[in-house]
Amino acid sequence: MLKPPPLRNDCFALPAGVDWTPVADALALLRERLHPVTATESVPLAEALDRILAEDAIARRSNPPQANSAVDGYGFAGPVAEGAHVLPLARGRAAAGVPFDGVVPPGEAIRILTGAALPAGVDTVVLEEDVTVDQDRIAFRGPLKKGANARAAGEDVAAGAIALRAGRRLTPADLALLAAVGIGAVPVRERLRVAVISTGDELAEPGQPADPGKIYDANRPMLLGLIRRMGFEPRDMGRVEDDREALRARLDHAAEEADVILTSGGASAGDEDHVSALLRESGAMQQWRIAIKPGRPLALAMWNGRPVFGLPGNPVAAMVCTLVFAYPAMALMAGMGWHEPQGFDLPAAFEKRKKPGRREYLRARIRNGRVEVFHSEGSGRISGLSWATGLVELDDGERHIRPGDPVRFIPWSGFGL
Ligand code: AMP
Ligand code: MG
């Protein structure tokens, strides 16, 4: 007699009798197995944004290179005591880029503008707003410490110091710092090439006519965009039908074109799940039962020496797995070292009961200093990904979150976006 099993009606329940790998263990495996693969090239600063520094950047000169004035005012030798002071004005002035090359005698002052090198005999500046001037004298009140309103040479960065460390992904501010310390070109890592393949007979190309039985390939544009935002080089390898030989050929091609391969769809153990079937065949580094929601199934494997992330087909799960697993792995391979997503704790604006045994990520955003989560946890709800500005991370244990309880919010930027 054919007897049905009890109805559980919970698609996220972890099947019993299987060892579910905790997220932390899967990450530890990636960290241990992967290593940087990118070569080094030199690029001018104008092209260095978002590139990864291949060596420590050593300051060629100090910032600032000379002691200079922080304000428009009058310079002299400090300190000056409390009370009223009248100083004779020396002739001439010091301006940014147009130094005064004489010596200011003790007890005299000189007109000085912001950014001007302090002339010999000057170490302290009084703001022009604090001064009364006549033809050849200034009057002001102390006290002023020696060095007031002046910047010391090298007070920001000294020549020879490490301005930025290898592995740093260069920001606009980093470019300012490198320029200031005399660096015009930097050794950076070549961009990590990341291939993206969508799989599934049901997929149609966005914008093209499609039968009701088809769905548009939403993962590919998303994944290509994520990779670009992360600073890597996306390689669009198109769509493949649920056909093992076609998929094998596409993986072979992707392994030639790229350093890492991201596929989506076909990663479970179903009849049409050719990604997992092929990857299992290829051996090394298999790991596809990870205790994460959303995110099952995720296949981790090597294909012709290239790591493959067999991402789930559901767009929400595909994006979460890309951020949580693929990003740290790709950052490591790209030369940035291991990446721990940076988040912060904020009060929840929601209530949720969470089961033990798996890590969960919720689409979330911040409003009025509290974390809101998307009204549905359905992993096909792409609109929730658009709505969100980050993820709430809930650790593996059981939890009952009530409004006001602190939860860990990780903004997209915490995942390299
Ligand atoms: P699979 O992992 O292949 O079982 O797919 C899980 C779900 O994700 C199914 O509903 C698929 O139709 C859907 N899916 C797979 N690939 C994509 C894609 N590229 N874009 C949008 N949905 C997808
Ligand atoms: Mg499929």
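How many nonpolar, polar and charged residues are in the shell around ligand 1? By class, that shell has 5 nonpolar, 7 polar and 2 charged residues, where Ala, Val, Leu, Ile, Met, Phe, Trp, Tyr, Cys and Pro count as nonpolar, Asp, Glu, Lys and Arg as charged, and the others, Gly among them, as polar.

Before going on, this is a predicted model: local features need pLDDT of at least 70, side-chain atom pairs count only at pLDDT 80 or more, and totals for chains, interfaces and linings use all residues. Residues are numbered from 1 along each chain as its sequence is written, chains are lettered from A and ligands numbered from 1 in the order written, and side-chain values use heavy atoms, without hydrogens and water.

Back to the ligand. Ligand 1 is surrounded by 14 residues, each with a heavy atom within 4 Å of it; Glu202, Asp217, Ala218, Gly266 and Gly313 are the closest. Now the polar contacts, meaning pairs of N or O atoms within 3.5 Å. A side-chain N or O atom of Glu202 is 2.6 Å from an oxygen atom of ligand 1. For a polar backbone atom of Gly266, the distance to a ligand 1 oxygen is 2.8 Å. The protein covers 76% of the 490 Å² of accessible area that ligand 1 has on its own, by the Shrake-Rupley method with a 1.4 Å probe.

Next, the sheet. An open sheet with mixed pairing holds 6 strands, in the order β7-β4-β6-β5-β9-β8. Strands are DSSP E runs of at least two residues, numbered from the N terminus, and two of them pair if DSSP finds at least two bridges between them. β7 (124-127) and β8 (132-133) are the edge strands, each pairing on one side only. Strands β4 (residues 73-76) and β6 (residues 109-112) run antiparallel, joined by 3 bridges. Gly73 has Ile112 in β6 as its bridge partner.

Key:
Helices (H or I, at least four residues) and strands (E, at least two) are DSSP runs, numbered from the N terminus. A polar contact is a pair of N or O atoms within 3.5 Å; within protein, one must be able to donate a hydrogen and the other to accept it, and residues adjacent in sequence count only if both atoms are side-chain atoms.
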